[in-house]
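Please walk through this structure with me, one contact at a time. Keep the coordinates open as you read.

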Amino acid sequence: MRSVKRLVGALHAIIHRRRVEAELDEELREYLAAAADAKAATGLSRDEARRLARVELGSLSAVKDWVGDVGWESRLESVWQDVRYAGRMVRRNPGFSVAAILTLMLGIGGNTAVFSLLDALLMRSLPVERPGELVRLVEQAPDAAAYREAFTLATHDALLRGGRSLSGVVASEALFSRPKEIEVRGERQRVFLQLVSDNYFDVLGVRAFRGRVFHQPGASSPGEAIAVISEDYWRRHYAADLSALGARFRFGEREFTITGIAPPGFRGTEIDVPVDIWVSVEQVVPPGSVDRIRGRWMRVMGRLEPGVTPARAESESTAILGRPVEFQPGGTGYSSLRRRLSEPLLLVALVVALVLLIACANLANLMLAATAARERELAVRTAIGASRSRILRQLLTESLMLSAVGGVLAVGVAYWISAALLAFLPPEQGTALPNLRFELNAKAVGFAALLSCTTCLMFGLVPALRATGRHGAADLRASAAVGQRNKSWLSRGLVVTQVVMCTALLTIGGVLLRSLQNLRGQETGFREDRLLVADVEPPREYAENRRDQLIEELRRRAAALPGVEIAAFSHVGQLSGFGLEYPVGFPGRPRSEHREAVAIEQRISPGFLTAMGTAFLAGRDVEPSDDARSTPVAIVNESFARQFLPGRNPIGERFFREGGSGSGELMQIVGVVKDSKWLNLRDDAPAMYYRPYRQQAGRAAVRFAIRTSGDPDAVSPELILTAQALDRRIMVSNVVPFREIVNRTLVIERLMAQVSAAFGVLALMIAAVGLYGVLAYSVVRRRREIGLRIAVGAPPGAVEWMFLRESLTLLACGMAIGLPAGIVVTRFVSSMLFGLSPHDPASIGVALSVLAVATVAAAYLPARRAAGIDPILALREE
Amino acid sequence: MPSEERGLVQGTLDMLILKTLALEPMHAYGVGVRLTQISRGVFHVNGGSLFPAFRRLERDGLIKGEWRASKNNRRAKYYSLTAQGRATLRRQTREWDSQATAIALILKASPGEV
């Protein structure tokens with residue numbers, strides 16, 4: 001009760017501060033007047049009486065201060081005092097303060113950025129009803145480590161009909177970063193349109209923001225050709241005008257009407273590809289269509305009935321589908337980036353966390369030195385009556401001030417670091433950016449605030465406790481020697497900790513850089529210099545042979561461009577991450593034996609292999625004469641020959657592929673080429689065969705490969721102009737030097753190597769500057785001792801060595817612990833390495849030598865300064 | 001905190017103020033004069049001690065202040081006890097009595113009594 005009253009009173013006092021003060025002023029005036037009256041009554045003169053009254057009361061402002069001290073509003077007041085005082089200390093020591101704030105800013109900012117990325121990728125729930133109930137249907141792929149998340153529409157239909165443990169099952173098209181074309185009033189637009197089952201919005205529990213969404217049609221009401229657009233698309237394309245409702249567009253064969261706008265923030269269940277338009281798949285692939293059972297292009301997501309475990313739903317669905325399937329948590333949606341990025345991002349998180357820890361250890365050490373330097377001030381404050389807790393609070397306020405300023409700046413830095421990290425994403429993944437970009441939300445700010453407080457305690461508490469404890473700086477009686485010893489042990493321990501963490505960081509950076517180097521330096525089977533590639537797509541509405549003619553004509557004209565040596569094309573781009581894989585068979589061999597025998601097929605134009613720089617080992621290239629009328633031929637790579645035709649001369653052998661059009665047609669091998677990395681740079685080159693484009697045509701798009709005599713970039717505008725001149729409707733995109741494509745496949749590796757190397761260097765700098773600061777300070781403190789040593793005959797070299805030796809001892813201790821720690825940590829990244837073991841001696845060696853050089857550099861200046869001390873001046877001081 | 005009041009046992013000033021105000025509502029100066037009078041000149045309580053004490057007692061709800069015209073036609077803040085203040089005074093007086101008796105007994109004790 002009383003505390004409530006106090007609280008109210010205090011709040012009152014704070015809010016009505018001015019009135020309360022005015023009242024106190026008046027009361028004091030009255031008091032003085034009354035006192036003066038009383039004194040005048042004893043016969044003193046008016047003036048004398050007034051003077052005496054003032055003297056008795058003492059300083060008015062002191063009285064007011066005492067009154068003000070009553071209650072916890074004075075606590076606040078004293079906190080404010082602490083803050084002001086801390087601000088003064090911070091300003092008095094600008095070098096230290098700026099260094100502290102900068103390191104905290106980078107440390108906290110890096111952690112916040114990575115946290116917000118991880119949050120967006122791994123933790124953020126879809127903005128749907130009860131996302132915890134959603135499950136993703138997955139199927140174990142033949143490859144043990146992989147899951148398939150793509151199914152036929154029929155799978156969805158079967159689960160929808162037969163399932164009891166799921167309250168709803170939706171199918172949504174697996175989207176890639178390739179937009180689709182729609183026609184709005186005769187004008188073509190590229191949008192991310194997703195075909196979804198008509199119960200999509202109902203099962204997810206997403207209601208229309210404006211207008212209406214589509215629902216599962218009843219028996220009487222047939223489905224309508226309507227579409228729902230995202231709020232974001234509504235803003236971009238309709239300027240948030242409600243006239244969008246009722247607008248029509250053409251998609252494929254059908255006309256759709258926009259009837260609804262999805263709520264803001266809902267961008268579908270694909271994290272990588274935010275959806276612009278949703279259309280019911282029933283309108284495009286009607287029941288009974290062959291596309292319902294053919295092609296795995298749908299994702300299936302279910303909502304568990306309340307109380308049903310995923311395991312029960314799994315066994316039920318397995319029974320319905322007649323093959324083993326699993327359910328995985330689906331509340332965070334689908335993302336291929338999640339699979340690719342989460343492990344690297346966790347490593348980056350580890351790296352930035354280490355950097356922050358190093359920064360904390362470093363600041364703790366500097367704080368230790370700084371508070372020791374304030375020994376006298378703190379001791380005096382203790383002597384005049386400040387309690388231990390009061391001084392502790394004062395010191396912690398100073399730390400908190402530094403970390404708070406660092407934390408606020410960190411939020412800005414997090415923006416920047418997050419953008420820098422996302423800049424590593426290749427352009428084709430750019431669609432995911434709106435979902436991943438740093439958002440200033442409560443989570444991110446809370447995380448930064450939490451880190452600020454934690455770091456403050458980490459670097460501020462121990463020095464403050466030390467300073468105020470027995471024998472601490474605040475104890476006037478403390479014998480300097482005892483305090484000094486303890487403190488220097490702590491300080492040494494902190495230096496060693498930093499060395500350990502730096503060793504770990506630099507080792508990680510080292511092995512990742514080396515493995516990137518290995519990836520870049522390996523024998524790839526292609527030559528990436530002077531090579532230009534471009535995706536070329538003739539208009540889809542042209543007949544097939546007209547498209548082929550256009551492509552061939554463009555190839556001919558491109559070959560004639562100045563600076564072009566060879567112009568050729570393939571139907572799937574090398575290192576695009578895709579390949580058409582077919583089972584292959586050989587005449588006269590039993591089929592069962594080659595059940596798992598698959599090879600990647602690639603359809604190429606003459607000159608493609610030469611343009612890519614893939615060397616022929618035997619036989620010939622495909623020729624223009626290899627067309628639909630002549631014998632089907634193929635060129636195989638070394639792996640193909642080794643795997644399927646061991647010990648034989650492949651030339652002249654014949655094989656066929658199973659599946660696809662022309663299944664079973666025999667192809668004669670006419671050439672053998674070296675292996676070439678096809679899907680990515682990490683895996684071994686797969687077994688492949690190349691066949692003439694003319695013998696298996698019919699692709700909608702091709703990738704041109706143009707070998708140039710000079711800079712490939714110089715040819716790209718010419719190529720685009722040539723295509724435009726040929727037919728304005730030919731789409732030429734992704735015109736880049738092949739080197740760029742190679743780099744895109746190494747996004748993750750580059751991200752990891754560059755980020756860990758950059759943060760490693762940052763950590764090293766922090767640690768080196770810190771070591772320098774601590775040593776420089778220790779030289780100042782031991783001035784007298786050093787002066788004495790020099791005075792009694794120590795040569796400057798010995799003094800210098802004394803300081804260097806100490807740093808080197810610390811370095812050696814740190815490395816002794818850091819080396820095994822680094823090996824343990826690099827084991828964590830071993831799956832990301834290429835062509836080297838986690839304890840690669842070269843990387844570790846480089847890391848250690850970099851560290852040694854930095855340590856010596858940091859220690860050298862203070863040591864020199866120590867050796868240069870003038871003994872006479874040093875001893876005369878005091 | 002000023003601590004010039006001679007001989008005033010710590011923590012007792014609040015109790016004395018409450019007692020003084022229990023006799024009649026009074027302004028700050030009046031309380032100081034009254035304390036000196038009643039103690040026959042032993043306690044001289046300065047404004048520097050009185051004002052914080054008033055603020056403390058007011059904050060805790062034991063007294064309340066009210067602006068009124070004083071005898072010589074000036075405005076002054078008159079303090080009076082609240083019900084809670086009265087109760088606190090009764091309790092403190094009881095405690096003080098028993099403590100003072102106990103202390104007096106101890107101080108008067110002669111070797112023979114132990």
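**Helix packing in chain B**

Helix 2 of chain B brings B:Ala28, B:Val31 and B:Gly32 to the contact, and helix 3 of chain B brings B:Leu50, B:Phe51 and B:Phe54. By class, the residues of this contact are five nonpolar, one polar and no charged.

Next comes the geometry. Two packed helices are described by the angle between their axes and the distance between the axes. Helix 2 of chain B spans residues 28–38, and helix 3 of chain B spans residues 47–59. Their axes are 10 Å apart, at an angle of about 115°. The crossing of helix 2 of chain B and helix 3 of chain B is right-handed.

The model is predicted, and that applies to everything described here.

**Rings in chain A**

Now turn to aromatic contacts. Over all chains, the whole structure holds 26 aromatic pairs. One of them joins A:Phe586 and A:Phe640, with ring centres 6.2 Å apart and planes at 55°, a tilted arrangement. The two residues come from distant parts of the chain, 54 residues apart. A:Phe586 sits in the loop between strand 16 (580–585) and strand 17 (598–604) of chain A, while A:Phe640 belongs to helix 20 (residues 638–644) of chain A. Both A:Phe586 and A:Phe640 are buried.

A:Phe586 has another ring partner, A:Phe644. Here the centres are 5.7 Å apart and the planes make 40°, so this pair also falls between the 30 and 60 degree limits and is tilted. A:Phe644 is in helix 20 of chain A, 58 residues from A:Phe586. A:Phe586 and A:Phe644 are both buried. Through these pairs, the loop that holds A:Phe586 is linked to helix 20 of chain A.

Elsewhere in chain A, ring pairs build a cluster. Its members are A:Tyr200, A:Phe201, A:Phe214, A:Phe266 and A:Trp278.

Rings also meet charges. The charged end of A:Arg657 sits over the ring of A:Tyr582, 4.2 Å from the ring centre. For A:Arg492, the ring is that of A:Trp489, and the distance to its centre is 5.1 Å.

**A buried strand residue**

Is A:Ile600 buried or exposed? Its relative accessibility is 3%, which is under 20%, so A:Ile600 counts as buried. A:Ile600 lies in strand 17 of chain A.

**Positive phi in a loop**

Finish with backbone torsions. A:Ala239 lies in the loop between helix 9 (231–238) and strand 9 (248–251) of chain A. Phi of A:Ala239 is near 50°, a positive value in a residue other than glycine. A:Ala240 is found in the loop between helix 9 and strand 9 of chain A too. Phi of A:Ala240 is also positive, near 55°.

Their accessibility classes can be read off the numbers. A:Ala239 has a relative accessible area of 64%, so it is exposed. A:Ala240 is at 28% relative accessibility and therefore counts as partly exposed.

Definitions and conventions:
Residues numbered from 1 in each chain as written. Chains lettered and ligands numbered in written order. Predicted model: local features only at pLDDT ≥ 70, side-chain atom pairs only at ≥ 80, totals over all residues. Heavy atoms only, no water. Axes fitted to C-alpha atoms, helices over the stretch in contact; angles between N-to-C directions. Helix = DSSP H or I, 4+ residues; strand = E, 2+ residues; numbered from the N terminus. Left-handed = near helix turned anticlockwise from the far one by under 90°. Contact = heavy atoms within 4.5 Å. Nonpolar A, V, L, I, M, F, W, Y, C, P; charged D, E, K, R; others polar. Phe/Tyr/Trp six-rings, centres within 6.5 Å; stacked < 30°, edge-to-face > 60°. Buried < 20%, exposed > 50% of the residue type's maximum accessible area, 1.4 Å probe, protein only. Lys NZ or Arg CZ within 6 Å of the ring centre and 35° of its normal.
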